[in-house]
Each structure stands twice: as C-alpha cells, then as structure tokens.
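Open the model alongside this text.

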Amino acid sequence: MIPPSSRLRPLQVAVLALLAISALVLATAIRNGRPTFPTTALPHPPADTPADRASTLGPAAAAPRPDTRPAFTPPSAASLPDTAFGKTVRQGEQIFLHTPQNAPQFAGNNLNCSSCHLDAGRRPDAAPMWAAYVMYPAYRAKNGHVNTLAERLQGCFRFSMNGKPPAADDPVLVALQTYMFWLADKAPTGVPLKGHGYPKLAAPPQKADYLRGSQVYARNCAVCHGDEGQGQKNGEHWVFPALWGPDSFNWGAGMHQLKNAAGFIKANMPLGRGGLLSDQEAWDVAYFMNAHERPQDPRYTESVAKTRAKYHDSEDSLYGLEINGHLLGSEAPPSGGRLAQGTGR
C-alpha cells in the first residue's frame, strides 16, 4: 500500500499522461520522417492582447466616419452667361479676387476675399462660397442673432478686411451675393455640403506651442509670407497676404481663432501642398501666427481685459493673453487700417 504522501495527485497523473502521449507522437513523427502539425485552428489570443483590444474597443477608437455630406461642384467660369446678370456675376468675382482695388471705400487692408477663400471661393475646405450661400440666413453665436447673407458679408469687411461694412443694398454687396448665388447654382439649400467651411481638427496630441510653431513657420511659410508675417508683393500688387501686423486681419476676424486657422492651414498650406503638415504642426503654426499683434478688435470695450471677457473668453483666442511677456491686444494698431487713417483709395 502506497503511503498517502507518495500517492500521485490527479494533476500529476494528467501531466504524466500528456508527456506519454507527446513522446508517442514524437516517436511516430521521427519514424515517419516528417514533422507533425496540429490540424485544428489555434485558439484566439487572450482578450488583453493588442489584436483583441483593437476589436473590443468602443466607438471612440473606431475609424473616422466617412463624410456623408452631399458633394457639389460649382459651375465653370466658361459657363457664365453673357447677359446683364452675368455682368453682375463677373463684377462680384472681380471684387472677390481684387477687393482693395474694386471696393477701396470698404477695405482697410490689402487682403482679398480670396486670401482666405481660395480659388476664387471655389476650393472645398477653404470656406467655399457655394457652400456658404446655401446656409443663410443662419444664427451666429458671434453676434447672438440670425444673420442674413448680407450681414455676414458686412462682418467680413469689418473684421477680415479691417475696414468698413457696406450697406446691405450697396452695389458691392449685391455683386458679391450674385456671384455666390451663381457659384451655388443647383446646390441643395439648407444642407451642409462636403467641403463646407474649414476642416475641424481634433485637439492636438500636445498643447500648441509657440517655439515649435516658429520652426514650422520658418520651414514652410516664411518664403511666401515673410519672416515677420508681413506678406509679399510684386510692385504694388500683393501676391501673398500679411498674416499679422497692421496690414492683416484684425482681432475680430474668424481666422484669429486657433481652430479656424489650424483647419485652414492643414487643408490648404503651404499653397498647393495642402495636407503636407501634420495636425500637430498645423496647430503649432496657427498658434505662432496668432500669437502676434494685429489691428485692434473694432468691438474694443474700455480695456483689453474687458474686451476679452466679452468677446474672446475662449481657449480658441489668444487675445488678452500674455505670450512671451507681451499682452496681446495691448499694442494693437487701430482698427480700420487705411480707412481710419484717411488714406483709402
């Protein structure tokens, strides 16, 4: 009789049996001269392996949803009718392309509408005019009420052009709205179209940084926009717009908001090479660009602090923040540009 301490436990018996079977299989394989492989499928990896985690993560980790917004292509320039209506469309196009020359009484800087709305307002993801036209009238949080298209364009002149808003029935606004109407011919109304506005980038992996942004700017932007963001012109003709300083958009313009600037830059810059920069680089260079002084917000109220509290109280705006020892907005050139100086032409 085997004493209790010497008895084989069930687990030991199982192990010995498994070893015996393995030895028999190995001997058979050696005798037959070929290896033996399992004929059944291998088990799935345990749930905490990378392969299984990828399949069990929730919606937040899923691939981005496809863009299901309707696509639209504006009519070609060659299709413009040779009529009185077509003449007004062409006037609007020329105002759009050469704003200071064709609307000097309203433009306070040397930017054109096409500086931010590329390819004469046609390019998707550069706030195209055909996509904007079909969305107005619309409520805007910026001024807290429903805006007509005319009021929206007035805001462009006041903020982006750092100038003076035309009256709603002024021929300049009539021509611009006619041009937008023609670009949106046969587009569905009230429906966000593919390419509308600027792309909405996810928050960057790292917080946007001035130093990294300056490096991105030096490598990719300065050759066109200048080392000091002053822009570039050929004689009297501006080729690339100023990104900051007295001849740029003012602190009330949408492009001073980091998310707008980052989305625009990611999709469209460097010019002709949109998508070259990573999301992080787009956020960094947007931060760098908007961490410089520009003309004062025309809504300025008593002080920089009060103006920030009323109009810029958001992480999206650097107005009223101290960057590199300078309080942004405290030394802003007056809003209105050359119109305020009485040098409009």
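Helices (H or I, at least four residues) and strands (E, at least two) are DSSP runs, numbered from the N terminus. This is a predicted model, in which local features need pLDDT of at least 70, side-chain atom pairs count only at pLDDT 80 or more, and totals for chains, interfaces and linings use all residues. Residues are numbered from 1 along each chain as its sequence is written, and side-chain values use heavy atoms, with hydrogens and water left out.

Begin with the loop between H6 and strand E1 (138-140), where Pro137 lies. A cis peptide bond links Tyr136 to Pro137. Its omega is about 5 degrees.

Pro270 sits in the loop between helix H11 (258-268) and helix H12 (279-290).

Now step back into H11. How much of this helix is covered? Nine of the 11 residues in H11 are buried (under 20% relative accessible area; exposed is over 50%, partly exposed in between; 1.4 Å probe, protein chains only). The buried set is Leu258, Asn260, Ala261, Ala262, Gly263, Phe264, Ile265, Lys266 and Asn268. H5 and H12 are among the elements that cover these residues, where contact means heavy atoms within 4.5 Å.

Ala120 has a positive phi of about 60 degrees, although it is not a glycine. Is Ala120 buried or exposed? Ala120 counts as buried because its relative accessibility is 12%.

Compare Asn324. Asn324 also is not a glycine, yet has a positive phi, about 50 degrees. Asn324 lies in the loop between strand E5 (322-323) and strand E6 (326-327). With a relative accessible area of 61%, Asn324 is exposed.

Finish at helix H3, residues 84-97. H3 has 14 residues and reaches 20 Å from its first C-alpha to its last. That is close to the 20 Å expected at 1.5 Å a residue, the expected span being 1.5 Å times one less than the number of residues. Which residues of H3 are buried? They are Gly86, Val89, Gly92, Glu93, Ile95 and Phe96. An α-helix has 3.6 residues a turn, so residues three or four places apart point the same way. The buried residues of H3 pack against helix H4 (99-102), helix H5 (118-121), helix H6 (129-133) and helix H8 (171-183).
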